[in-house]
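This report describes one protein chain, from its overall fold to individual residues. The sequence and structure come first.

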Amino acid sequence: METNNYNVSRYNATKHGLRSQDAVLPWESAASFEELQNSLFEEYAPSTPTQTELVQQLVQIFWKQRRIYSAENAIAQCEVAQIDDLRKKIWDDDKYELTPGEETSCNAIAGNVESERLIRYDAHLSRRLIRTLSLLHQLKVLENSKIINN
């Protein structure tokens, strides 16, 4: 019984899932993940364990970048909803003053820390992507040159 409770509650604090050890989170599509994985393995056709590992890293990088885009979209939707709510309150009552909570929300919208964190994660993943693609390409070139020379 405790296992079920753990499985339900283990994602409660998850904001965007970028540091999750799970490849696919409960609200993500396992079929989409498999489709991405299959297409990358088909495209790169790894022939060694190292190439296989690099392609698997590509899968993880691309999947996490999709998470970033989803999280950014969700943040933007929340920001728009908060701004619309505040705009309606202010529009309906020209003497309306922001509550401390609303003022905090406005400040958070103006300098969204979570958005900045996502941008940093995206930059990190982009650098990993470039390194991984470069290594994979070098291994494929090396492999092809060995085939030609033999």
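## Model and confidence

The structure is a predicted model. Its mean pLDDT is 77, and 60% of the residues reach a score of at least 70.

Helix H1 (residues 2-9) has the lowest mean, 52, while H2 has the highest, 96. Over residues 8-14 the pLDDT stays under 50, and for this stretch the model has six contacts beyond four places in sequence.

## Overall architecture

The protein contains five helices and zero strands. In sequence order the pattern is α-α-α-α-α.

Of the 150 residues, 25% are buried. The exposed surface comes to about 10,700 Å², of which carbon and sulfur atoms supply 54%. Contacts between residues at least 6 apart in sequence were also sorted by separation: 70% of them join residues at least 24 apart.

## The nonpolar core

The largest nonpolar core comprises 17 residues, and those with the most contacts inside it are Leu36, Leu40, Leu58, Val59, Ile68, Leu118 and Leu136. Two or more residues each are contributed by helix H2 (30-44), helix H3 (49-92) and helix H5 (113-149). H3 supplies the largest share, nine residues. In soluble globular proteins, nonpolar side chains tend to be buried together.

Leucine 36 illustrates the contacts made by one of these residues. Beyond its neighbours within four places in sequence, leucine 36 is in contact with Val59, Phe62, Trp63 and Arg66.

## The aromatic pair

One aromatic pair is found in a search of the whole structure. The ring centres of phenylalanine 33 and tryptophan 63 are 5.2 Å apart and the ring planes stand at 85°, so the pair is classed as edge-to-face; the angle is over the 60 degrees required for that class.

Phenylalanine 33 belongs to helix H2 and tryptophan 63 to helix H3, so the pair ties together parts of the chain 30 residues apart in sequence. Both partners fall under the 20% limit for burial: phenylalanine 33 has a relative accessibility of 8%, and tryptophan 63 has 5%.

## The salt bridge

The structure holds one salt bridge. It is formed by the side chains of glutamate 28 and arginine 67, with an N to O distance of 2.6 Å. Glutamate 28 lies in the loop between H1 and H2 and arginine 67 in helix H3, so the bridge links distant parts of the chain, 39 residues apart.

Are the two partners buried or exposed? Glutamate 28 counts as buried because its relative accessibility is 17%. Arginine 67 is also buried, with a relative accessible area of 4%. Side chains of opposite charge can pair when their charged atoms come close.

Glutamine 65 is placed in helix H3. With a relative accessibility of 7%, glutamine 65 counts as buried. Leaving out residues up to four places away in sequence, glutamine 65 touches Asp122, Leu125, Ser126 and Leu129.

Leucine 133 is located in helix H5 and is partly exposed, at 28% relative accessible area. Apart from neighbours within four places in sequence, leucine 133 is in contact with Tyr44 and Leu58. Leucine 133 and leucine 58 are 75 residues apart along the chain, yet their C-alpha atoms are separated by 7.7 Å. Leu58 is also among the core residues with the most contacts.

Glutamate 34 sits in helix H2. Its relative accessible area of 47% makes glutamate 34 partly exposed.

Alanine 45 lies in the loop between H2 and H3. What is its phi angle? The value is near 40°, which is positive in a residue other than glycine. Alanine 45 is partly exposed, with a relative accessible area of 44%.

Notes
Residues numbered from 1 in each chain as written. Predicted model: local features only at pLDDT ≥ 70, side-chain atom pairs only at ≥ 80, totals over all residues. Heavy atoms only, no water. Core = buried A, V, L, I, M, F, W, Y, C linked by side-chain atoms within 4.5 Å. Buried < 20%, exposed > 50% of the residue type's maximum accessible area, 1.4 Å probe, protein only. Helix = DSSP H or I, 4+ residues; strand = E, 2+ residues; numbered from the N terminus. Contact = heavy atoms within 4.5 Å. Areas by Shrake-Rupley, 256 points an atom, 1.4 Å probe, with all protein chains shown as cover. pLDDT = per-residue confidence, 0-100. Salt bridge = Lys/Arg side-chain N within 4 Å of Asp/Glu carboxyl O. Phe/Tyr/Trp six-rings, centres within 6.5 Å; stacked < 30°, edge-to-face > 60°.
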